[in-house]
2 protein chains.
Amino acid sequence: MVCIAIPASFVSSVIKDAAKKKVEAAIVISAGFKETGEKGAKIEKELAETCKKAGIRLLGPNVLGMICSKSQLNASFAASTTIEGDIAFLSQSGAFCTAMLDMSLEKKLGFSHFVSLGNKADIHELDLIDYWQKDDAVKVIGAYLEEISQGQELLQLVRESDKKKPLIVFKPGQSEEAKKAISSHTGSMAGSTQAFKTAIYQNGIIEATEINQMFYLMMGFSWATPPKGNRVAVVTNAGGPGIITTDELIAQGMQMAEISKETKKEIKKYLPPTASLDNPIDVIGDALAERYRVPIDILTKDKNVDAIVVVLTPQLITQIEETAKLIVSSAKLTDKPIFPVFLGGKYILNGLQRLYEKKIPSFRYISDAVGVLSTMYKYSKIQESLASAENRNSAVVLKHTSKGKYSKQMDKELEKGKETPSEELVENIAREVGLDLPDQLISRDLNEVLEFAEDKYPVVVKATTEAIAHKTDVDALFLNIKNPNDLEKIFHRLTKTIKRESKILKPEVLVQEQVSYREELIIGASRDGASDVYIHGTPGFGHLILFGKGGIYTEVYKDIESVLVPASKAQMKEALLKTKVSQILQGVRGRKKLSLDKVIKTIQAIQKMVVLYPQIKSLDLNPVVVTEKRAIALDIKIFIEN
Amino acid sequence: MVCIAIPASFVSSVIKDAAKKKVEAAIVISAGFKETGEKGAKIEKELAETCKKAGIRLLGPNVLGMICSKSQLNASFAASTTIEGDIAFLSQSGAFCTAMLDMSLEKKLGFSHFVSLGNKADIHELDLIDYWQKDDAVKVIGAYLEEISQGQELLQLVRESDKKKPLIVFKPGQSEEAKKAISSHTGSMAGSTQAFKTAIYQNGIIEATEINQMFYLMMGFSWATPPKGNRVAVVTNAGGPGIITTDELIAQGMQMAEISKETKKEIKKYLPPTASLDNPIDVIGDALAERYRVPIDILTKDKNVDAIVVVLTPQLITQIEETAKLIVSSAKLTDKPIFPVFLGGKYILNGLQRLYEKKIPSFRYISDAVGVLSTMYKYSKIQESLASAENRNSAVVLKHTSKGKYSKQMDKELEKGKETPSEELVENIAREVGLDLPDQLISRDLNEVLEFAEDKYPVVVKATTEAIAHKTDVDALFLNIKNPNDLEKIFHRLTKTIKRESKILKPEVLVQEQVSYREELIIGASRDGASDVYIHGTPGFGHLILFGKGGIYTEVYKDIESVLVPASKAQMKEALLKTKVSQILQGVRGRKKLSLDKVIKTIQAIQKMVVLYPQIKSLDLNPVVVTEKRAIALDIKIFIEN
């Protein structure tokens, strides 16, 4: 390996020399490439090509370098080296590395690998994550990424890995303002926020949104075992902070453990009579170290307790360091996580140091301790769920990519430069994937329209999507037409409007039976990446399928959840049940239940549709009318793009 | 003053001795009072009475004590004393005090007063806050309270104080689980969470929910001036953390300042060509201290910039302490807040120490820095709004307490043990306060009913609230009755139902014109405290008025906001506009506007009603139907209690 730190324009020539010496890898620390603008981007491209030709793998350019504790290698310009440990960490920002490294020195957190990725001209996160998943020296993977190179493929890697390791990802730039800052930073564009959030949740990846949070999450996963359940006992020498901890646990989805009678009885022997034995267990302000140790040890044996948070305030006689020492010895005797929170500043620091030295995840903020515990719990729950056969097989659907009956027809429409396929094609693919459609007729012939409507009154008449994109804006949608007379009048009125708006001489109209409304949903899809997103090595996460409350309240309540393709039926159901409108489908306050199953079938149909036709850039079923037995797609709009 | 720390049962006798010596004040550190149960509560009551008789003011019992820097007094059993400063701090938890004190020693934060309140047998938060508001040595007030003794009066004190000082309140116990912990802690009950939250927001009190957050808020308000606006410049030596800071600022309601051309031009002179001049300003990883100082100084003069966040990562040649020193000198030249965030652990600590020594609010978490800045900004905005004549006079309404025309009648109903006043009384007070009611008739005579309905079809028929409390459960509400035939049938059916359910022999029914629906709201009120809540010295916050989306979606979307009595019209409007359903009232997506004004008038009428009749424990207008011109209270339920 060579490590290069000379001005950008000379780097390629060094690579060529190195190739002659059969060098296999290069770290280019030098800046002055893509991040500086067009000229730099050109030099970077050249460098990447040179490396490729020479068979040299390239880390960088524009990196801090790489530290590999196991092999005692520090090829970086970091001010110091890492402590040895089992966390593999990568970062697209060198400065993020230096901050993380400094934190780890203070709190004794150890790394197996510590890599600055820089401009990712060759090696990117997938290479490293793939490698680290297979390396037994790695227990936890952390990644700070401003841009994800190949979304779909990252997810595939995570899904298919045999050894499930916690992967913690921090991706900033989720506000529009931050996106501006990113493009001026490493020249990469921030991907779709919602696709990212859905992707990582659905695949059991852990998200961090603050530097310290990421640090503590890595600490938690490296030093402790996730709790088996969410029932937490709190041991404290202070009532107030006990209450605060309770609030925080509940807010973060954990539960206060119901401590068993036997445990209470046992603990009671060792505590003064005024101590509270209800959870939180208040060992009282004059507790010495031993009065902490005993209840902790007893609690670890209570099968109602999955984890313990120990809260310490530095009172007059509190034995801070001694308590830390005893917590260490208790923690070593159990698999249940014991997370101490030492509240204070000057006097508590030495106590915390003792805990860090012995690899006990320890905290100064109650919210940090509870956050890590809760994330570890949720992580293990999600992993359990991902291990189900149904979820493991969710990607099967991707085998059918671009295999729709009408794929050629769709491509033809694209070639013609159309952004929306014809009404007929839309109906065909809707029927192909099994969407439930209202009976309808598209025709320019009044007699045909009248005949169709004969046994269906009341009916709805509207313009086709080709004619007018946003129907309600131009008076091109008519509801509740009850008889042939009205239908005739409206037919003439509508065709006149379409002629005026679209310059079509003899326009078609669409007639449908009118469904008696029950609850309106909106179901849509939106593609992150291009139409080749499901092909190996392309960027983007693929199609996000969104669903939630439709009608007038759509924009008001924004009650929308999503899954990313591929999603299993169970994942669709889980996400759908997170919408508030699903309470109505389930029959809120004694109302009739509507067909949740048919809504899920519709989501499945949409997944099938975008897989068969990845040319679909976005689509809307709006509204989907849900009745007791059906989920009918009243109106379908599809936009296509390569 | 005497300071007593002997077993609880002997304290009263010491007080008696002290009285003979003309002692004026006592601090009782001893525990073993109310917090231990009934017996302790009795001793505490006795102690309070002894003190009162002797004319001795009592702090405690069950306190850590009190520190008063100005007079060099430390009457506490804290392990050390505070640094002198301008923050007055009180806490109901002694342990919270010790943690806060330890934090303050580490970060050099100074206090004028530091008081542990304990069981509040005599002196409580109002005494101290009142005193501190008048004391020029105090700039900021912090209070950790598990229970607020006199809600209405605290708000009055804050409203009427001439010298507005930031008051930061931390009140834990907002989850049901935490409330259990509180009652076992100091034996006090947690008040209504929502009333508290509304009360403090509406009166410009600042809320803290984490110990560290409270500490940093006190630091911010003590050491810096609130920013005049929300436009923030970020100066950083690292792109990644700059992006994270941007995300955090936007998430917390701040804006990225648009730096003026002149400023950019000026800064450009001093930075290397690759440095980014767009906000965040990236001074690049090799920045020495001086390259931080220059842009900071220039930015403080830009009128588009209200505050600066300085982000530092410890890179190889970063001058951490020197940069801190220069930030101090820059900060001393301007009123605009400059908040440094030093990211890291081991190497950054000395830099932070220099900042703390010179009273620069400095942080290790980006979220803490932005949180304090954003809270200070919002605080000054709310204070501006509270200074308006309308808001200053909002309490005028309270002069009419218990002066309703029907007050005596209401009291009679209470004496009779009734929980709901008669339909007639409800209608009378509804008309008295000016609620918009549908035309209606209450009668047991079919002919009278038919006559009333003659020119009003369609009509609604229902049971009176006296007859059946929850109408829809027992088929006692009939809509859309279109003709006398149907009306007659339904009249008989309903009276039969009422007889069966309520055992009334000849029941009344209620007939109303049916309003053509537009949007349904729910408007209600709920009293915190007893019916004497508006009288001096009583506990509770008074009536909370709640309003939001009504109908089937009420429980689903929980789109409800609130004001606390007394509220100005402007405050009602502000809260109403926070509901999502208000977007519909304002005409979402080109729909017709509905009468927002009439909704506000209804809220005002409800405020008038609960002030005239504080016997009202709770009430519901459900639904309130809002049309283009009216807000009609279709159904009114009132519950009364002393």
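The exercises below, each with a worked solution, concern a predicted model.

**Exercise 1.** Determine which rotation and what shift along its axis superpose chain B on chain A, and state how the two copies are related.

*Solution.* Begin with the superposition itself: chain B is brought onto chain A by a rotation of 180 degrees, with 0.0 Å of shift along the axis, and the RMSD is 0.1 Å. The two copies are therefore related as by a two-fold rotation axis. Next, turn to the contact residues, where 100% of those of chain B recur in chain A, so that the same surface serves both copies.

**Exercise 2.** Describe the fold of chain A in terms of its helices and strands, its buried residues and the sequence separation of its contacts.

*Solution.* Count the elements to begin with, which gives 23 helices and 25 strands in chain A. Then consider burial, taking a residue as buried if 20 or more other C-beta atoms lie within 10 Å of its own; by this criterion, 51% of the 642 residues in chain A are buried. Lastly, take the contacts in chain A between residues at least 6 apart in sequence, of which 71% join residues at least 24 apart.

**Exercise 3.** State which domains are assigned to chain A, and what distance separates the centres of domain 2 and domain 4 of chain A.

*Solution.* The assignment for chain A lists domain 1 (63-210), domain 2 (231-386), domain 3 (439-513) and domain 4 (519-640). Taken over C-alpha atoms, the centres of domain 2 and domain 4 of chain A are separated by 43 Å. For the overall extent, the C-alpha atoms of chain A fill a box of roughly 95 × 75 × 40 Å along the principal axes.

Methods
Residues numbered from 1 in each chain as written. Chains lettered and ligands numbered in written order. Predicted model: local features only at pLDDT ≥ 70, side-chain atom pairs only at ≥ 80, totals over all residues. Least-squares fit on C-alpha atoms with pLDDT ≥ 70 in both. Contact = placed C-beta atoms within 7 Å. Helix = DSSP H or I, 4+ residues; strand = E, 2+ residues; numbered from the N terminus. Buried ≥ 20, exposed ≤ 12 C-beta atoms within 10 Å, placed from the backbone. Domains from an automatic or database assignment.
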